Every structure is written in C-alpha cells, then in structure tokens.
Amino acid sequence: MARPGHARNRPSLEEDEDEEAEDPLDTMISRTGCAAQHRELQECMAARQDWRHCQTQVRAFGECMARRQRAEE
C-alpha cells in the first residue's frame, strides 16, 4: 500500500504563480494606509501564536483603520 501523500499531485506552474499573486486582503489593507500596522500584527501573531499577547498591535491596527473610516465619512 502506498504511503499517505505519496500519490499527491504537484500543482501546475500556473497554480504556483497564482499562489504568489498578492492576496486581495493585503491589497485592500494597503489601500487603507494601515499596512505597516497590519504587518506588525501578523508578525506578532506568528511569533506569539496568541492574539492576547499582541494587544498593542491589535489596538494600533484598529486605531489606524478607525482613522481611515472617519476620514472617508
């Protein structure tokens, strides 16, 4: 019997390129001007694995997004 995952198909070259394309969420956040705060939050989450330890970054990102929303109103 084959080992699990042994028969897995490799993604085509086209699929690999799609995965490297910019994430639509990242594109949207970049337009807000809050990309730096979002990146810092993501880095904290990756390092700490618990959003509760990233409250400074959560607040900074939230405040940036709130400023953006108020500016649009």
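Guide: Helices (H or I, at least four residues) and strands (E, at least two) are DSSP runs, numbered from the N terminus. This model is predicted: local features need pLDDT of at least 70, side-chain atom pairs 80 or more, while totals for chains, interfaces and linings use all residues. Residues count from 1 along each chain as its sequence is written, and side-chain values use heavy atoms, without hydrogens or water.

Visitor: In which helix is confidence lowest?
Guide: Mean pLDDT (the predictor's confidence in each residue, 0 to 100) is 82 over the chain, and 73% of the residues score at least 70. Helix H3 is highest, at 96. The lowest mean is 54, and it belongs to residues 13-20, helix H1.

Visitor: In what order do the elements of the chain run?
Guide: The chain has four helices and zero strands. From the N terminus on, the elements therefore read, by their DSSP runs, α-α-α-α.

Visitor: Which residue just after H2 takes a positive phi?
Guide: H2 covers residues 24-32, and at its start a side-chain oxygen of Asp23 comes within 3.0 Å of the backbone nitrogen of Leu25. Just after H2, the phi is about 85°. The residue is Gly33.

Visitor: How many residues make up the largest nonpolar core?
Guide: Such a core joins buried Ala, Val, Leu, Ile, Met, Phe, Trp, Tyr and Cys through side-chain atoms within 4.5 Å. Its members here are Ile29, Cys34, Leu41, Cys44, Cys54, Phe61 and Cys64.

Visitor: What handedness does the disulfide of Cys34 and Cys64 have?
Guide: The sulfur atoms of Cys34 and Cys64 lie 2.0 Å apart, a disulfide (cysteine sulfur atoms within 2.5 Å). It ties the loop between H2 and H3 to helix H4, 30 residues apart. The S-S torsion is about -90°, so the bond is left-handed.

Visitor: Is Cys34 buried or exposed?
Guide: Buried means under 20% relative accessible area, exposed over 50%, partly exposed in between (1.4 Å probe, protein chains only). The relative accessible area of Cys34 is 0%.

Visitor: How far apart are the sulfur atoms of Cys44 and Cys54?
Guide: Cys44 sits in helix H3 and Cys54 in the loop between H3 and H4, ten residues apart. At 10% relative accessibility Cys44 counts as buried, and Cys54 is buried at 0%. Their link is left-handed, with -90° about the S-S bond. The sulfur atoms are separated by 2.1 Å.

Visitor: What is the pairing of the bonded cysteines of the chain?
Guide: The structure holds two disulfides. Numbering the bonded cysteines in sequence order gives 1-4, 2-3.

Terms used:
Polar contact = N/O pair within 3.5 Å; in protein donor to acceptor, adjacent residues only side chain to side chain.
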